[in-house]
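I opened this entry to note what I looked up, starting with the aromatic rings and then turning to one helix.

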Amino acid sequence: TTDISPSQYHSDLLLNRKDIFAEDSYLSKSIVFSLYQSSLYKWRWFPGSYKPGPAMIWGSLVDCLATAPEEYDDCFVISEFDSFRTKAAREWKEEMADAGKTVITKELLKDAQFACDILTNKHKYAASLIEKSRSQVVLIDKIQHPSVSRPVNVKGLVDFVPEGEDFLIDLKTTSDFTP
């Protein structure tokens, strides 16, 4: 395990699409899934574009507030505009995206802060686990597939690692929490 920030996880432990076996190349679960769903040629030379949807933005915001609140200002910005129909609004949103920031509304932030408060303070079981956990723990290892001669580096970012427990905690968004 390695303690690094989520931004370092995404900026330092990168994938080398030309040589996934390179010493400085790391595969994540999402990369393995995208490779599995595509031909190697298409995956390597024509990667799809990534644009998070509302559920992904919500999950990333709650995750940031719960696990690394000090990184909120680096990752998110509240919209200055009511909509993005004007040229100025679209240009501003594009500038924020180029700066690596996700544009959110005040209402979304308020709702995410409420959810985070329940998770970290009001839900007794969750709060007690989170309180005794390390957050944003990077797991790095090598795996060897039987059909290739070299191992490949893999990485994973775990939301919480409770001390003294034999399980990990990974936050997920759901609309139904029934058993």
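**Aromatic rings**

I began with the rings and found that F81, F84 and W92 form one aromatic cluster. I keep in mind that I am reading a predicted model.

**Charges over rings**

I then looked for charges placed over rings, and I noted that K93 lies over the face of F84, at 4.5 Å from the ring centre. A further case is K29, whose charged end sits over the ring of F33, 4.4 Å from the centre of that ring.

**Helix α6**

I next checked the length of helix α6, which covers residues 87-98.

Which residues of α6 are buried? I list A89, W92 and M96. Looking down the axis of α6, I see that its buried residues fall within an arc of 65 degrees, and therefore they line one face of the helix. W92, one of these buried residues, is also the member of the aromatic cluster that I noted with F81 and F84.

What do the buried residues of α6 pack against? I found that they pack against β3 (76-78) and β4 (102-104). On the other side of α6, I recorded K87, E94 and D98 as exposed.

Last, I looked at what comes after the helix, and I noted that α6 is followed by G100, whose phi is positive, near 85 degrees.

Definitions and conventions:
Residues are numbered from 1 along each chain as its sequence is written. This is a predicted model: local features need pLDDT of at least 70, side-chain atom pairs count only at pLDDT 80 or more; totals for chains, interfaces and linings use all residues. Side-chain values use heavy atoms; hydrogens and water are left out. Rings of Phe, Tyr and Trp (its six-membered ring) pair if their centres lie within 6.5 Å; planes under 30 degrees apart count as stacked, over 60 as edge-to-face and the rest as tilted. A charge sits over a ring if NZ of Lys or CZ of Arg is within 6 Å of the ring centre and within 35 degrees of the ring normal. Helices (H or I, at least four residues) and strands (E, at least two) are DSSP runs, numbered from the N terminus. The expected span of a helix is 1.5 Å times one less than its number of residues. Buried means under 20% relative accessible area, exposed over 50%, partly exposed in between (1.4 Å probe, protein chains only). The arc is that of the directions from the helix axis to the C-beta atoms. Contact means heavy atoms within 4.5 Å.
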